[in-house]
Amino acid sequence: MYYVDPHIHMVARITDDYVRMARAGCVAVSEPAFWAGFDRGSVEGFIDYFRHLTEIEPARAAEFGIHHMCWLCINAKEAENVSLSREVIAAIPEFLDRPGVLGIGEIGLNKNTPNETTVFQEQVDLAMKTDELLLIHTPHLADKYKGTRMILDVLGSDPRVRPDRVLIDHVEEHTIEHALDAGFWVGMTLYPLTKCTPERAVDMVERYGTERILVNSAGDWGPSNPMNTPDFIRTLRKRGRSEEFIRSVVYDNPLRFFSQAKGFNFNPPVSVRGSRAGGLDLVPDDTAVVRQAR
Ligand SMILES: [Zn+2]
């Protein structure tokens, strides 16, 4: 089955990951801007990173038949430096009209501090002024419940925010309902150690259905695995779920959410097009073309 990984940091992954993903049926990815593993020293570091996300990585992905889209922002960890954050926020608009830019993300909270909240609000404001989608990172482990509530409060208090244009990511059993009930899209992250296992994610779609739910590997430079999305597909098949049910979560939903973005530019190749449902091209079989890398 063809699938989309709607949250993966390919700048941190090796070429073999692109090959494995393409062989497993991945046809498109979206890469949110995030922390590089260290705090960058100046706004120039972010400008180079935005060039990497909008120029270099799409070309690299295309070598393997994978369409690459991205999100731009300053992440919650580096948002602790408010003055640098404001320089980065001022630099973002010139990149927003580039092809494949889906919106502002992944913004949100990390340790739920006042500085993080300030920068989060300023980036929500930027997204509203520029009519961009939002992709929201919710904090890890112990900080997740409180941070998610704080994020939902900020979004709920801004009347310009339309929940159907916002994805709340890294939801777990104790936060998914709050986000879905408020009308947001949600992302479940399949991580080997923290966040969700494929089995826990399957339990959640069985409980809440497929509407407005995405799954992603959030693969980055830490313990993570791009093959977790195909594992999720296999786990759903083992539980007897229909191909249509599975495809709605791993293919239709991410494209439906992304297609609201001004910069959405994924046009499935002819080999991927099959029957049509919900206005989206659906996939007919399990053949993925892996082009030879240079
Ligand atoms: Zn991420």
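This text walks through the structure from the whole chain down to a few of its parts. The model is predicted.

Start with the whole chain. It holds 10 helices and 10 strands. Its radius of gyration is 18 Å, close to the 19 Å that the globule rule gives for 294 residues, so the chain is as compact as a globular protein of that length. Along the principal axes, the C-alpha atoms fill a box of roughly 50 × 45 × 35 Å. Of the 294 residues, 49% count as buried. Now look at contacts between residues at least 6 apart in sequence. Of these, 74% join residues at least 24 apart.

Next, find helix H2. It covers residues 43-62, which makes 20 residues. From first C-alpha to last, H2 reaches 28 Å, close to the 28 Å expected at 1.5 Å a residue. Yet H2 has a kink of about 40°, centred on His-52. Which residues of H2 are buried? They are Phe-46, Phe-50, Leu-53, Thr-54, Glu-57, Pro-58 and Ala-61. What covers them includes helices H1 (15-24), H3 (82-91) and H4 (93-96). Strands S2 (26-31), S3 (67-72) and S4 (101-108) are also among the covering elements.

Now move along to strand S6 (166-169). Follow its side chains. Val-166 and Ile-168 point one way from S6, while Leu-167 and Asp-169 point the other way. All four are buried.

S6 has a partner in strand S5, residues 133-137. The two pair in the parallel sense over four bridges. In one of these pairings, Ile-168 of S6 is the bridge partner of Ile-136. How does the chain get from S5 to S6? It crosses through helix H6, and this β-α-β crossover is right-handed.

S6 also pairs with strand S7, residues 185-189. Again the sense is parallel, here over two bridges. Leu-167 has Trp-185 of S7 as its bridge partner. Helix H7 (residues 176-181) belongs to this part too: S6, H7 and S7 make a right-handed β-α-β unit.

Finish in the loop between helix H6 (144-156) and strand S6, where Arg-162 sits. Is Arg-162 buried or partly exposed? A buried residue needs 20 or more other C-beta atoms within 10 Å, and an exposed one has 12 or fewer. Arg-162 has 14, so it is partly exposed. Arg-162 also lies 9.8 Å from Leu-134, C-alpha to C-alpha, though they are 28 residues apart in sequence.

How values were computed: Residues numbered from 1 in each chain as written. Predicted model: local features only at pLDDT ≥ 70, side-chain atom pairs only at ≥ 80, totals over all residues. Expected span 1.5 Å × (residues − 1). Bend = angle between axes of the 7 residues up to and from the residue. Contact = placed C-beta atoms within 7 Å. Rg over C-alpha atoms; globule rule 2.2 N^0.38 Å. Pairing = 2+ DSSP bridges. Right-handed = clockwise from strand over helix to strand, strands pointing away.
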